[in-house]
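Colleague: I have a chain on screen and would like to talk it through. Could we take it piece by piece?

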Amino acid sequence: MEEYENARISKLRDYLFEVIDTLAKNKEYQINADMLSNEVDNYSLNKIPVQPIVERWITGFTRYKEVYAFRSKMAYSQDVINNLSNINFFENFEEIIRQQNKEGNLPDIEGIESIECLNYGTMIQAGTNTAIFEIQVQIIYREEGDI
């Protein structure tokens with residue numbers, strides 16, 4: 001097994017494939033790490049630097065958080081239906097994440113406690129025919145330390 005396959009970002013990526021499969025019209029998509037391709041209907045998972053420690057317990061456990069920008073390049077135009085579809089994608093994405101968290105269906109990350117969207121999907125950059133949208137996803141997990 002490759003070293004990167006055990007990384008939290010890799011396991012979160014695997015989890016998001018299942019989420020996107022229920023939403024994507026085009027099933028020929030990719031979820032990249034720190035790279036959004038030029039093609040529409042492709043995604044990128046980018047780690048955002050944050051203070052990772054949520055709390056540290058005297059018992060030796062530490063609760064951590066990681067935040068990722070989940071980005072997508074989508075078709076964009078003056079067509080209202082197309083743009084409503086883009087917004088709807090992220091509303092549905094957020095709803096699926098919320099429901100999966102509520103049901104305890106979490107990424108296969110050791111010690112994970114929760115996953116949630118921190119904001120609504122929003123357009124962060126627009127070009128002539130495409131736009132980049134982003135939603136922030138946070139995971140909370142515990143690790144046993146040596147306190």
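Colleague: Which residues does F90 touch, not counting residues up to four places away in sequence?
Modeller: F90 touches F70, S72, M74, G121, F133 and I135 on that count. Contact here means heavy atoms within 4.5 Å.

Colleague: What kind of model is this?
Modeller: This is a predicted model, in which local features need pLDDT of at least 70 and side-chain atom pairs count only at pLDDT 80 or more, while totals for chains, interfaces and linings use all residues. Residues are numbered from 1 along each chain as its sequence is written, and side-chain values use heavy atoms, with hydrogens and water left out.

Colleague: Back to F90, then. Is F90 buried or exposed?
Modeller: F90 is buried, with a relative accessible area of 2%. Buried means under 20% relative accessible area, exposed means over 50%, and partly exposed lies in between, with a 1.4 Å probe and protein chains only.

Colleague: Where does F90 lie?
Modeller: F90 lies in helix α2. Helices (H or I, at least four residues) and strands (E, at least two) are DSSP runs, numbered from the N terminus. The C-alpha atoms of F90 and N101, eleven residues apart along the chain, are separated by 16 Å.

Colleague: How many helices and strands are there in the protein?
Modeller: There are two helices and seven strands. From the N terminus on, the order is α-β-β-β-β-α-β-β-β.

Colleague: And what are the overall dimensions?
Modeller: The C-alpha trace spans about 55 × 30 × 25 Å along its principal axes. Of the 147 residues, 37% count as buried. Among contacts between residues at least 6 apart in sequence, 59% join residues at least 24 apart.

Colleague: Let us move to α1. What span should its 16 residues have?
Modeller: Helix α1 covers residues 8–23 and should span 22 Å at 1.5 Å a residue; its end C-alpha atoms are 23 Å apart, which agrees. The expected span is 1.5 Å times one less than the number of residues.

Colleague: Which residues of α1 are buried?
Modeller: They are S10, K11, L12, Y15, L16, V19, I20 and L23. An α-helix has 3.6 residues a turn, so residues three or four places apart point the same way.

Colleague: What do the buried residues of α1 pack against?
Modeller: They pack against β1 (31–33), β2 (42–48), β4 (61–75), α2 (80–103), β5 (112–117) and β7 (130–144).

Colleague: Which members of the largest nonpolar core touch the most other members?
Modeller: Of its 29 residues, L16, I20, F70 and F93 do. Each of α1, β2, β4, α2, β5 and β7 supplies at least two residues of this core. A nonpolar core is a set of buried Ala, Val, Leu, Ile, Met, Phe, Trp, Tyr and Cys residues joined through side-chain atoms within 4.5 Å.

Colleague: What does I20 touch, not counting residues up to four places away in sequence?
Modeller: I20 touches Y29, I31, Y43, F70, F89 and F93.

Colleague: Now the strands. Why is β2 described as largely enclosed by the rest of the structure?
Modeller: Five of the seven residues of β2 are buried, so the rest of the structure largely encloses this strand.

Colleague: In what sense do β2 and β4 pair?
Modeller: β2 and β4 pair in the antiparallel sense over seven bridges, and L45 has F70 as its bridge partner in β4. β1 and β2, by contrast, pair in the parallel sense over three bridges, with L45 in β2 as the bridge partner of A33. Two strands pair if DSSP finds at least two bridges between them.

Colleague: And what does the side chain of N42 reach?
Modeller: The side chain of N42 reaches the backbone nitrogen of Q30 at 2.9 Å. N42 is found in strand β2 and counts as buried, at 5% relative accessibility.

Colleague: Which loop does D34 lie in?
Modeller: D34 lies in the loop between β1 and β2, and D41 has its place in that loop too. Phi of D34 is near 60 degrees, a positive value in a residue other than glycine, and phi of D41 is likewise near 60 degrees. D34 is exposed, with a relative accessible area of 54%, whereas D41 counts as partly exposed at 25%.

Colleague: Last topic: what joins β6 to β7?
Modeller: A hairpin joins them through three residues. Strand β6 (residues 122–126) runs antiparallel to β7, with four bridges between them, and A126 has A131 as its bridge partner in β7.

Technical notes
A polar contact is a pair of N or O atoms within 3.5 Å; within protein, one must be able to donate a hydrogen and the other to accept it, and residues adjacent in sequence count only if both atoms are side-chain atoms.
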